[in-house]
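Thanks for coming, everyone. Let me put today's model on the screen, and then we'll walk through it.

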Amino acid sequence: MKNKLTYIIDDDKLSVKLMSMLISKNNFCEKIVSFHNPQTALNELIKNALNPSNLPDVILLDLNMPILDGWQFLDEFKLITFAKKIIIFVVSSSIDPTDLEMAKNYPTVKNYIIKPLNSDKLKQATLLIENEVSH
């Protein structure tokens, strides 16, 4: 499967810029849409929930954000019924074992990636996506 659309949800503009450049360089997806506010991303997801062509294939989600953090985003996300499967990767600077363990409680979270994102971590994510789609 070619990952067509990826959402980056991270309040750190520099992280978003660096991830976007890395994603483009590695041909991870065709299009990137970034959100600095998770609530805006949720609103967009809700608006397009029944329109698979407007939904992302993958979401790269930061945890530590003001207003709505990554965990709150995930709690809201799991209440929405989507027209297609969306794979989430937590991308965080947190190395707290509690966060790593908590991520396992969300079936849509396929992996926990510790920042910074790099080419190897992106390749690993691509393999997980391909494995997910083939099942």
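Start with the helix pair. The axes of α2 and α3 come within 10 Å and cross at roughly 15°. Axes here are lines fitted to C-alpha atoms, for helices over the stretch in contact, with angles from 0 to 180 degrees between N-to-C directions. Angles under 35 degrees count as roughly parallel, so α2 is roughly parallel to α3. Helices are DSSP runs of H or I, at least four residues, strands are E runs of at least two, and both are numbered from the N terminus.

A word on the source. This is a predicted model: local features need pLDDT of at least 70, side-chain atom pairs need 80 or more, and totals for chains, interfaces and linings use all residues. Residues are numbered from 1 along each chain as its sequence is written, and side-chain values use heavy atoms, without hydrogens or water.

Who meets whom? On α2, Pro38, Ala41, Leu42 and Leu45 meet Phe73, Glu76 and Phe77 of α3. Contact means heavy atoms within 4.5 Å.

Now the largest nonpolar core. That is a set of buried Ala, Val, Leu, Ile, Met, Phe, Trp, Tyr and Cys residues joined through side-chain atoms within 4.5 Å. Buried means under 20% relative accessible area, exposed over 50%, partly exposed in between, with a 1.4 Å probe and protein chains only. This core has 27 residues, and Leu45, Ile59 and Phe73 touch the most other members. β1 (5-9), α2 (38-47), β3 (58-61), α3 (70-77), β4 (87-92) and β5 (109-114) each supply at least two residues. α3 gives the most, with four.

Take Ile59. Beyond four places in sequence, its contacts include Tyr7, Leu45, Phe73 and Phe89. There is also a second, separate core of 17 residues, including Phe28 and Ile113.

Back to α3, for Leu74. Buried or exposed? Leu74 is buried, at 1% relative accessibility. Leaving aside neighbours within four places, Leu74 contacts Leu61, Ile88, Tyr106, Thr108 and Val109.

The peptide bond from Lys115 to Pro116 is cis, with omega near 5°. Pro116 sits in the loop between β5 and α5 (119-134). Asn27 is not a glycine, yet has a positive phi, near 50°. Asn27 lies in the loop between α1 (13-25) and β2 (31-35), and is exposed at 57%. Ile67 also has a positive phi, near 70°. Ile67 lies in the loop between β3 and α3, and is exposed at 74%.

Methods
Parallel < 35°, antiparallel > 145°, perpendicular 65-115°, else oblique.
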